[in-house]
Amino acid sequence: METDHQHDGSTGTTGDTTRRSYIRSLAAIGLGSVVTGTAASGSQGTGVAAAQTDASARGITVTDSGTTIADTVSQLNFDGSLSATQSAPNTVSVRGDTNPNIVDVRDDLGVEPEGDDLWAAIEDHYTSFKPTERNHRYEIPAGTWHVETDNIHFDAHEYLGIVGDPFAVLRVTDQDVDRLMTVGSLDASLPHAQRTVMRDLQVDIRGEYDAGIARWFTYRYGHMENVSMRGTRDRLNLEYGGDRHTILVDGVRSSTTNVISGCHLGNGDTASDRSTHVGHAIPFSSDVYNHGTNFWEGCQVSGYIDNGIYVSGDDGRNIITGCHVRNCAGAGIRIGPNDYVQDCQITMTEHPGFPWSGLWIESGGGQLVSQLLVNNQIKKDTEIIRLTQDGPARLTDVHIGDEGTDGRAIRINDNDHAPTLFEGCTITDRSSPTISDYAVYVRSSNVTFNDCEFDIGPQSSTDRHGVFVTNGGEDINRLELDSCTVEADGASLRFAESGADHTVESSFFEGLVMSDPETTLSSVLWVGNRHYGETNFAGERAEWQGDFNFGFDV
């Protein structure tokens with residue numbers, strides 16, 4: 001196989017380059033097939049090749065038959081590379097710190113589709129350079145290319161690109177391949193994986209094969225786009241099960257930025273006979289080693305058993321926007337400190353065979369969720385939205401449509417001292433419960449519902465209730481309901497625990513509003529509410545404020 005011996009500008013030396021690489025470098029700056037044959041003097045006497053628009057001029061002619069340099073050329077400044085940029089009018093400077101060197105895996109490395117081990121060829125080429133000289137984009141022409149080498153470690157480079165041209169399939173053909181690649185390392189010291197790009201590729205694991213795609217530990221920038229998987233994962237297969245992570249992306253520094261865009265993992269994982277989802281393949285994730293910012297844009301995942309988008313375990317930031325998660329066990333989207341979910345959708349139409357929740361907010365605080373749409377048509381084992389975080393969280397324009405059975409829509413069991421706010425959120429519950437339960441469980445203090453509407457109309461003979469304030473014993477304080485509507489056939493609002501400083505204003509309750517006999521509610525502000533159902537505060541009311549209502553007195 002041919003190799004590309006071109007060197008990065010940091011080495012101070014020049015070497016051979018392929019005809020294809022040279023043509024593409026010049027074409028990128030619009031030279032066409034002609035570059036002038038006279039050298040323009042640089043600031044320190046070093047010549048640069050001057051661009052010439054006159055096709056009749058003598059000079060450097062690049063043709064399909066090779067490269068010809070006229071004898072009038074005195075000097076070309078390649079600065080250790082052939083990555084070209086326009087530096088001045090009619091002047092071309094070639095520098096190593098700009099565009100990568102292009103390597104066509106078929107023409108330059110001699111790899112044949114559906115025959116040679118593409119992965120071994122890329123590994124051989126990559127490791128033949130020093131880390132500071134690795135500045136290559138490996139272009140993979142259309143077709144199917146075999147992967148027989150396990151887990152190439154792209155440990156350190158200036159730039160690494162692995163891209164389909166325009167789109168290619170990487171087919172795993174060896175059962176020993178557990179993961180296609182590891183990029184960078186957990187150690188943030190140099191040399192490191194500076195810039196990494198992977199795009200326009202599909203990984204095919206059909207047949208008796210299973211593999212994860214990548215674990216990335218990036219230093220400056222990572223970009224994964226239009227990467228998908230064909231075939232179903234079988235991670236717990238005893239003969240050939242692969243890596244637990246399908247796509248894991250961590251930035252090793254707080255200044256690292258990664259973009260994961262338009263990636264699809266739509267064929268899920270194979271269920272084992274174990275009682276828990278833990279241990280199955282995870283589709284999209286970051287973990288404790290992520291300190292940077294990850295943008296997850298327009299990604300889709302279906303049928304995975306160990307969560308869908310699982311990014312809650314790190315101190316970096318994950319911004320999840322425009323993503324769609326379908327039929328995943330564990331949690332569809334699971335976020336941690338300072339993470340943001342925007343304009344996403346969670347859909348449950350087939351039960352994954354293991355307990356599931358839609359959105360899980362945990363660990364730390366500062367989470368933001370906006371414009372989330374949840375559509376559920378199956379049995380809820382626990383709750384659709386679960387909050388167990390340790391700090392403040394804000395959920396805006398979250399809309400839950402529930403036509404399943406049993407379980408809860410929302411459960412809040414977070415830190416008592418941190419505020420949690422639901423604003424402009426709705427529940428449209430047309431479920432068919434088999435046991436009497438509540439749609440919303442408030443199990444901690446400092447929870448606010450502002451301008452929310454919970455429309456609960458069960459489709460079975462079993463009652464489905466509204467908001468239940470209980471944690472099994474300790475007081476729950478500072479629940480706020482402002483301009484909310486709770487329509488339920490049974491109880492709209494029930495206080496089962498004692499508490500103080502609740503505020504309920506300008507809200508509408510269609511069903512029963514009550515407190516249990518053992519409760520003591522102190523210093524409650526209750527103003528301007530409309531009750532269409534019965535009110536029954538059986539517990540003690542101390543220093544009650546307001547007592548002004550439309551409909552029924554309290």
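Visitor: With which residue does R171 form a salt bridge, and how far apart are the closest N and O atoms of the two?

Guide: This is a predicted model, in which local features need pLDDT of at least 70 and side-chain atom pairs count only at pLDDT 80 or more, while totals for chains, interfaces and linings use all residues. Residues are numbered from 1 along each chain as its sequence is written, and side-chain values use heavy atoms, with hydrogens and water left out.

Side chains of opposite charge can pair when their charged atoms come close. A salt bridge here is a side-chain nitrogen of Lys or Arg within 4 Å of a carboxyl oxygen of Asp or Glu, and the structure holds 19 of them. The partner of R171 is D204, with 3.9 Å between the closest N and O atoms. This pair links distant parts of the chain, since R171 belongs to strand β12 (residues 159–172) and D204 to strand β14 (residues 195–204), 33 residues apart. Strands are DSSP runs (E, at least two residues) numbered from the N terminus. The surroundings of the two partners can be described by relative accessible area: buried means under 20%, exposed over 50%, and partly exposed in between, with a 1.4 Å probe and protein chains only. R171 is partly exposed because its value is 30%, whereas D204 has 2% and therefore counts as buried.

A second salt bridge joins the side chains of R334 and E362, at 2.6 Å from N to O. R334 lies in strand β26 (residues 330–335) and E362 in strand β28 (residues 356–362), so this pair ties together parts that are 28 residues apart in sequence. R334 is buried, with a relative accessible area of 12%, and E362, at 11%, is also classed as buried.

Because E423 is in strand β33 (residues 420–423) and R394 in strand β31 (residues 393–402), the pair connects parts 29 residues apart in sequence. Here E423 is partly exposed, with a relative accessible area of 23%, and R394 likewise counts as partly exposed, at 37%.

Beyond such pairs there is also a network: salt bridges that share partners join E383, R386, R408, R411 and D437 into one.

Conventions. Helices (H or I, at least four residues) and strands (E, at least two) are DSSP runs, numbered from the N terminus.
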